[in-house]
Amino acid sequence: MRVVPELYCNDIDVSKAFFVDVLNFQIKYERPEEQFAYLTLDGVDLMLEGLNSGGRKWLTGNMDLPFGRGINLQWDVSDIDRLFERVSRLAPNSVYMQLESKVYECGSRQVEQKQFIVQSPDGYLFRFCQDTE
C-alpha cells in the first residue's frame with residue numbers, strides 16, 4: 001500500500017518551482033492544462049494541483065493560508081546535508097526548523113536522526129530526515 005499526498009496550491013508554477021528547483025524533486029508527469037504535476041524524490045511521490053484548475057476539488061472547508069495546518073509530512077532522504085545546503089542557499093526563508101540531530105525512542109531502542117523542516121510557498125511543512133546510524 002502506498003500513500004501519495006495531493007496538495008492544493010495557490011499558484012502551481014510557484015509551488016512546482018519550489019519543489020523542483022529548491023527541493024530537487026523530479027517531475028514524473030504533468031498536465032499543465034489541469035494545473036497538475038506529479039513529483040518524486042528518493043522514491044516518494046507527491047501531487048500538486050492548482051486551486052484555480054478546472055478539475056474536481058475535495059475540500060472540506062475554506063482554503064486559508066497557511067495550508068496544511070496540523071500536519072507535517074516526513075521524507076526520509078539519502079543525503080540530508082546536501083539537501084539542507086541546497087535549500088539554505090536557494091530558499092533560506094523557507095527553512096522552518098534548522099538542521100538538527102535528534103534522538104527518538106523507537107520501541108526498545110533509540111534512533112538518532114538528522115532532520116530539518118521547510119515550509120512550502122503555500123504553508124505545508126515538510127520534515128526531511130536521515131538516520132545517522
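The structure is a predicted model, in which local features need pLDDT of at least 70 and side-chain atom pairs count only at pLDDT 80 or more, while totals for chains, interfaces and linings use all residues. Residues are numbered from 1 along each chain as its sequence is written, and side-chain values use heavy atoms, with hydrogens and water left out.

At the start of helix 1, a side-chain oxygen of Asp-11 comes to within 2.9 Å of the backbone nitrogen of Asp-13. Along helix 1, the buried residues are Ile-12, Ser-15, Lys-16, Phe-18, Phe-19 and Val-22, where buried means under 20% relative accessible area, exposed over 50% and partly exposed in between (1.4 Å probe, protein chains only). Asn-24 follows helix 1 and has a positive phi, near 75°.

Helix 2 (residues 80-90) buries Ile-80, Leu-83, Phe-84 and Val-87. Viewed down the axis of helix 2, these buried residues fall within an arc of 100°, so they line one face of the helix; the arc is that of the directions from the helix axis to the C-beta atoms.

The largest nonpolar core has 29 residues, of which Phe-19, Leu-23, Phe-25, Phe-126 and Phe-128 touch the most other members. Such a core is a set of buried Ala, Val, Leu, Ile, Met, Phe, Trp, Tyr and Cys residues joined through side-chain atoms within 4.5 Å. At least two residues of this core come from each of strand 1 (6-9), helix 1, strand 3, strand 4, strand 5, helix 2, strand 7 and strand 8. Leaving aside residues up to four places away in sequence, Leu-23 touches Phe-18, Leu-41, Leu-83, Arg-86, Val-87, Val-118 and Phe-128. Phe-25 sits in the loop between helix 1 and strand 2 and is buried, with a relative accessible area of 1%. With the same exclusion of residues up to four places away in sequence, the contacts of Phe-25 include Phe-19, Leu-39, Leu-41, Val-44, Trp-75 and Phe-128.

Several loops carry backbone features worth a look. Gln-35, in the loop between strand 2 (26-31) and strand 3 (36-41), has a positive phi near 55° although it is not glycine; at 22% relative accessibility, Gln-35 counts as partly exposed. Asp-42, in the loop between strand 3 and strand 4, also is a residue other than glycine with a positive phi, near 50°, and Asp-42 is partly exposed at 43% relative accessible area. In the loop between strand 4 (44-50) and strand 5 (72-76) lies Pro-66, and the peptide bond from Leu-65 to Pro-66 is cis, with omega near -5°.

Finally, the largest pocket holds about 190 Å³ of space. Of its 14 lining residues, Glu-6, Tyr-8, Met-63, Gly-68 and Tyr-124 are the closest to its centre. On a 1 Å grid over the protein atoms alone, a pocket is an open set of points where a 1.4 Å probe fits, with protein on both sides within 12 Å along at least five of seven lines, and lining residues have an atom within 4 Å of a point. Grid points are joined across faces, edges and corners, and the volume is the space filled by probe spheres set on the points. Strand 1 gives the most to this lining, with 3 residues.

Definitions and conventions. Helix = DSSP H or I, 4+ residues; strand = E, 2+ residues; numbered from the N terminus. Contact = heavy atoms within 4.5 Å. Polar contact = N/O pair within 3.5 Å; in protein donor to acceptor, adjacent residues only side chain to side chain.
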